[in-house]
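Please look through the sequence and the structure shown below before reading on.

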Amino acid sequence: MDVESLAVELFGLRLAEFTAARDEYVAKARKAGDREHAAAIAALRKPTVTAWAAGLLARRRPKEAHSLVQLGEALRTAHRTLDAGQLRQLSHDQHVLIQQLARTARALAAEAGQAVSEPVLREVEQILHAVLADPGMAEEWMAGRLVKAPDAALGFTGLEPAPGAAPPRRLARPAGPGKGQERPREPDAEGRAGQARRERAAQAQGEAAEAERLEAAQAAAQEVADRAGTDVAAAEEEVRAAGERLEKARAACADAAARLKEAGRAAAKARARAETAARKAGKLTGPEG
């Protein structure tokens, strides 16, 4: 099995099973004498809970996953064509669908025995936002090869309007009978200004939607950072408590060793006294000289 297919198989396992299964494949490759293949398998990293949960959604709910990919294609098209009305509707649809899919991923993970916290749920949503914006991320997600969430939510910036994205020009009405049809008139200065205003308005709406996504991603990242700080504090407290327990255990061990040593000395003295008494008793009961 090639490494890419093997990665998909491993990522489909429960997180607790990943390392043991990977190491088993590494051992088989080494036993077969294929060091290069073994090294490539050993380099496979265990996915984060976030990436694993998002991948579980793509594997277990392919139709819903495909609908998200299709929505991403429609959003990218709307951004290129500067279709403000379409952007508003699709932006609403994406928030609804992403929240729904994130909750589904959480439920699927719970069924597999893996709890998904609120910060992890926000990161799953971040992955789904990235899937909408980036076809490469969408392909990787659908193939089940995600290892971690993207560093930041990807937006739709950088998409250039497609040729002809501006609102279409109106053609002149046909002339009356017998006069033929006039050529389309060139737009006057006022028409060009109105067209520019519409283009700027569409662009501003797209930028506003992008700003909203970035703010949501920043809030989610801050929440993750706050939770991480709490976890670190809890871990430090646990380390401190463990240190105290270790010191107490060492003191108890030293005290027990001292008592054992004292008991040994007492036993030696008792044996000496018993031997002395036995010798004295032997002299008293021996034959007269």
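## A charge over a ring

Which residue lies over the face of tyrosine 25, and at what distance from the ring centre? In this predicted model, the residue is lysine 28, which lies over the face of tyrosine 25 at 5.5 Å from the ring centre. Lysine 28 also takes part in a salt bridge with glutamate 24, where the closest N and O atoms are 3.8 Å apart.

Glutamate 24 and lysine 28 both belong to helix 2 and are four residues apart, about one turn of the helix. An α-helix has 3.6 residues a turn, so residues three or four places apart point the same way. Glutamate 24 has a relative accessibility of 46% and therefore counts as partly exposed.

## The overall picture

The protein contains nine helices and zero strands, and along the sequence its pattern reads α-α-α-α-α-α-α-α-α. It has 289 residues, of which 28% count as buried, and its accessible surface comes to about 18,900 Å², with 54% of that surface belonging to carbon and sulfur atoms.

Among the contacts with a separation of 6 or more, 70% are made by residues 24 or more positions apart.

## Helix 4 and its cover

Helix 4 runs over residues 49-60, and its 12 residues reach 16 Å from the first C-alpha to the last, close to the 16 Å expected at 1.5 Å a residue. This helix is mostly covered, since nine of its 12 residues are buried; among them are Trp52, Gly55 and Leu57. The cover over the buried residues of helix 4 includes helix 1, helix 2, helix 5, helix 6, helix 7 and helix 8.

Is leucine 56 buried or exposed? Its relative accessibility is 2%, and because buried means under 20%, leucine 56 counts as buried. Not counting residues up to four places away in sequence, leucine 56 touches Arg61, Leu108 and Ala109. Leucine 108 is 52 residues away from leucine 56 along the chain, yet their C-alpha atoms are separated by 7.2 Å.

## An aromatic pair

The count of aromatic pairs comes to one. Phenylalanine 11 and phenylalanine 18 form this pair, which is stacked, with 5.8 Å from centre to centre and 25° between the planes. Both partners are buried: phenylalanine 11 has a relative accessibility of 5%, and phenylalanine 18 has a relative accessible area of 1%.

## Salt bridges between parts of the chain

How many salt bridges does a search of the whole structure find? The search finds seven, including one between glutamate 4 and arginine 145, whose closest N and O atoms are 3.3 Å apart. This pair links distant parts of the chain, with glutamate 4 in helix 1 and arginine 145 in the loop between helix 8 and helix 9, 141 residues apart. Glutamate 4 is partly exposed at 48% relative accessible area, and arginine 145 is likewise partly exposed, at 26% relative accessibility.

Another salt bridge joins the side chains of arginine 106 and glutamate 118, at 2.9 Å from N to O. Arginine 106 lies in helix 6 and glutamate 118 in helix 7, so this pair ties together parts that are 12 residues apart in sequence. Arginine 106 counts as partly exposed at 28% relative accessibility, and glutamate 118 does so at 29%. Salt bridges with shared partners also join Arg106, Glu118, Arg122 and Glu125 into one network.

Note on methods
Residues numbered from 1 in each chain as written. Predicted model: local features only at pLDDT ≥ 70, side-chain atom pairs only at ≥ 80, totals over all residues. Heavy atoms only, no water. Helix = DSSP H or I, 4+ residues; strand = E, 2+ residues; numbered from the N terminus. Buried < 20%, exposed > 50% of the residue type's maximum accessible area, 1.4 Å probe, protein only. Contact = heavy atoms within 4.5 Å. Areas by Shrake-Rupley, 256 points an atom, 1.4 Å probe, with all protein chains shown as cover. Expected span 1.5 Å × (residues − 1). Phe/Tyr/Trp six-rings, centres within 6.5 Å; stacked < 30°, edge-to-face > 60°. Lys NZ or Arg CZ within 6 Å of the ring centre and 35° of its normal. Salt bridge = Lys/Arg side-chain N within 4 Å of Asp/Glu carboxyl O.
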